[in-house]
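Welcome, and please take a moment to look over the model before reading on. The notes below will walk you through it step by step.

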Amino acid sequence: MAAAHDLEMEEDVNLNRDREMKEMLEEEKMREDREGKDPFRLKKVHRIVSKWMLPEPVRRTYLERANCLPPPVFIISISIAELAVFIYYAVWKPQKQWITLDSGILESPFIYSPEKREEAWRFISYMLVHAGVQHILGNLVMQLVLGIPLEMVHKGLRVGLVYLAGVIAASSIFDPLKSLVGASGGVYALMGGYFMNVLVNFREMIPAFGIIRLLIIVLIIVSDMGFALYRRFFVPANGSPVSFAAHVAGGFAGMSIGYTVFSCFDKALLKDPRFWIAIAAYLACVLFAVFFNIFLSPAN
């Protein structure tokens with residue numbers, strides 16, 4: 001009797017174990033079915049991003065640890081803020097001012113103005129204000145198309161560092177008597193860093209794609225610089241010329257700090273001597289800009 005009882009208990013234990021194992025397998029299968037499509041799509045997106053943003057040797061590293069956590073919050077947030085400020089000034093003035101917002105933005109507390117350069121926040125806040133529809137659309141398209149993939153690869157802290165370095169770099173040395181508006185400094189910093197990365201790693205980033213990338217970047221720069229130069233030198237008599245300094249300074253910041261940051265994907269940034277050299281050169285330029293604005297600026 002005891003042996004039969006023990007055998008019956010053993011069979012019950014085995015049945016329970018089999019039932020639990022079956023339930024676990026079913027749950028795992030359901031979870032895989034539920035999540036199977038999304039990871040495939042995400043992997044495809046990450047694979048495309050890696051081909052456009054990284055040289056061959058580090059793509060596998062990116063794909064092994066690729067995820068959207070955190071998501072590209074910085075670029076999306078800054079784009080929303082710029083769009084919100086533009087809509088505010090466009091609605092604040094009559095509808096015809098959507099094309100060019102000179103009469104509204106020139107009174108803005110965000111715009112950089114030579115007469116008010118002692119208000120230090122203006123050296124950063126000017127990126128939130130744009131001169132018209134073409135201006136903001138161009139900047140938003142460029143920073144979203146390029147900035148989101150860059151932030152997927154390098155994350156928001158590094159992309160934000162490069163973007164803000166470009167914004168601060170446009171410190172009115174190149175064109176000190178004109179107002180400064182727009183996010184072109186940050187956009188050109190991203191483009192400059194990416195351009196140098198493609199140029200240096202040309203053979204490893206698929207030559208055909210590399211040529212296409214360089215041509216696209218050059219085309220965008222030429223068209224955008226053309227609009228900026230028009231705004232600066234050929235503005236109508238009743239308008240207000242706006243400086244193009246952000247484009248030049250942002251590009252230089254991107255080709256120095258941006259390239260260093262974007263080329264250190266699989267390395268500790270703070271341990272790379274190139275980063276500190278770039279930071280030292282950048283800070284020296286910023287300090288000179290501060291000195292220039294205080295003591296040497298023609299706006300004095």
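What follows is a short tour of helices, a core, ring pairs and charged pairs.

## What you are looking at

This is a predicted model, so please read each value below as computed from predicted atoms.

Helix α4 covers residues 73–92, which makes 20 residues. From its first C-alpha to its last it reaches 28 Å, close to the 28 Å expected at 1.5 Å a residue.

Which residues of α4 are buried? They are I75, I78, S79, E82, V85, F86, Y89 and A90. Looking down the axis of α4, these buried residues fall within an arc of 135°, so they line one face of the helix. The spacing has a simple background: an α-helix has 3.6 residues a turn, so residues three or four places apart point the same way. Turn to the other side of α4 and you will find I80, Y88 and V91 exposed.

## Helix α3, arranged on one face too

In helix α3, the residues V58, R59 and Y62 are buried. Seen down the axis of α3, they fall within an arc of 120°, so they line one face of this helix. P57, R60 and E64 are exposed on the other side of α3.

## The largest nonpolar core

Now for the inside of the model. The largest nonpolar core holds 54 residues, and M53, L150, Y163 and L190 have the most contacts inside it. Several elements give two or more residues to this core, among them α2 (37–53), α3 (56–65), α4 and α7. The list also includes α8 (184–200), α9 (207–233), α10 (245–262) and α11 (273–296). Which element gives the most? That is α7, with 11 residues.

Leaving aside neighbours within four places in sequence, L150 is in contact with M53, K155, V159, L190, Y194 and F262. The C-alpha atoms of L150 and L190 are separated by 8.4 Å, although the two residues are 40 residues apart along the chain.

Another residue of helix α7 to visit is N139. N139 is buried, with a relative accessible area of 0%. Not counting residues up to four places away in sequence, N139 touches H130, G182, A183, S184 and V187.

## Aromatic pairs

How many aromatic pairs does a search of the whole structure find? It finds five. In one of them, the rings of F74 and Y163 have their centres 5.6 Å apart and their planes at 75°, so the pair is edge-to-face. This pair links distant parts of the chain, with F74 in helix α4 and Y163 in helix α7 (residues 133–169), 89 residues apart. F74 is partly exposed, at a relative accessible area of 21%, whereas Y163 is buried, at 0%. Setting aside neighbours within four places in sequence, the contacts of Y163 include F74, I75, I78 and E82. Among its other contacts are M127, Q143, A183, G186, V187 and L190.

A further pair joins Y112 and F123, and this one is tilted: the centres are 5.0 Å apart, with 50° between the planes. Y112 lies in the loop between α5 (102–105) and α6 (122–125), while F123 is in helix α6, so the pair ties together parts that are 11 residues apart in sequence. Are these two residues buried or exposed? Both Y112 and F123 are buried.

## Salt bridges

Side chains of opposite charge can pair when their charged atoms come close. This structure holds two salt bridges. In one, E119 pairs with R122, and the closest N and O atoms are 2.5 Å apart. E119 counts as partly exposed at 23% relative accessibility, while R122 counts as buried at 4%.

The side chains of D272 and R274 also meet in a salt bridge, at 2.9 Å from N to O. Here D272 counts as buried, at 9% relative accessibility, and R274 counts as partly exposed, at 31%.

Terms used: Residues numbered from 1 in each chain as written. Predicted model: local features only at pLDDT ≥ 70, side-chain atom pairs only at ≥ 80, totals over all residues. Heavy atoms only, no water. Helix = DSSP H or I, 4+ residues; strand = E, 2+ residues; numbered from the N terminus. Expected span 1.5 Å × (residues − 1). Buried < 20%, exposed > 50% of the residue type's maximum accessible area, 1.4 Å probe, protein only. Arc of directions from axis to C-beta. Phe/Tyr/Trp six-rings, centres within 6.5 Å; stacked < 30°, edge-to-face > 60°. Core = buried A, V, L, I, M, F, W, Y, C linked by side-chain atoms within 4.5 Å. Contact = heavy atoms within 4.5 Å. Salt bridge = Lys/Arg side-chain N within 4 Å of Asp/Glu carboxyl O.
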